[in-house]
Amino acid sequence: MALNPKLSNAAANAAADAVGNALNSGFLRIYDGTQATNADTAVGAQVLLAELTLNADAFAAAAAGVATANAITADSSANATGTATWFRVLASNGTSVYFDGSVGTATSDLILNSVAIQSGANVSVTSFTFTINKG
């Protein structure tokens, strides 16, 4: 028989809230290039375009397994010029990786005004969510 777990809303919310709480005052790093295979894969030739700091209360309480970020401090001076394609989220220690996701201007995990980032320019987030898959 196939493995096929299904989480309740309460379980998905608890899992999302636990991850969200672990990311309080964490970091959101935005990269160009191809997204890493998974969050355990080291960043390779991808260029760090910007690094933003998550709020001290990084995410609001999850609903239906979806956690939405609270206000994120903008990066007032982007690290490099490039096209944002993916991001990585780290805990406040700057080394514990929690997850990666897509960047775009509409249907992505992380929404920016523009994916064209210029070195030295301001980079701010329009919307940022993550979802615990209920199965």
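Is Phe 87 buried or exposed, going by its relative accessible area? Phe 87 is buried, at 1% (buried means under 20% relative accessible area, exposed over 50%, partly exposed in between, with a 1.4 Å probe and protein chains only).

## Ground rules

This is a predicted model, where local features need pLDDT of at least 70, side-chain atom pairs count only at pLDDT 80 or more, and totals for chains, interfaces and linings use all residues. Residues are numbered from 1 along each chain as its sequence is written, and side-chain values use heavy atoms, leaving out hydrogens and water.

## The nonpolar core

The largest nonpolar core has 29 residues, and Leu 28, Ile 30, Phe 87 and Phe 128 touch the most other members. Such a core is a set of buried Ala, Val, Leu, Ile, Met, Phe, Trp, Tyr and Cys residues joined through side-chain atoms within 4.5 Å.

## Rings that pair up

There are seven aromatic pairs here. Rings of Phe, Tyr and Trp (its six-membered ring) pair if their centres lie within 6.5 Å; planes under 30 degrees apart count as stacked, over 60 as edge-to-face and the rest as tilted. Take Phe 87 and Phe 128: their centres sit 5.1 Å apart with planes at 80 degrees, so this pair is edge-to-face. Phe 128 is buried too, with a relative accessible area of 2%.

Phe 128 also pairs with Phe 99, with centres 6.2 Å apart and planes at 35 degrees, so that pair is tilted. Phe 99 counts as buried at 15% relative accessibility. Ring pairs link Phe 59, Phe 87, Phe 99, Phe 128 and Phe 130 into a cluster.
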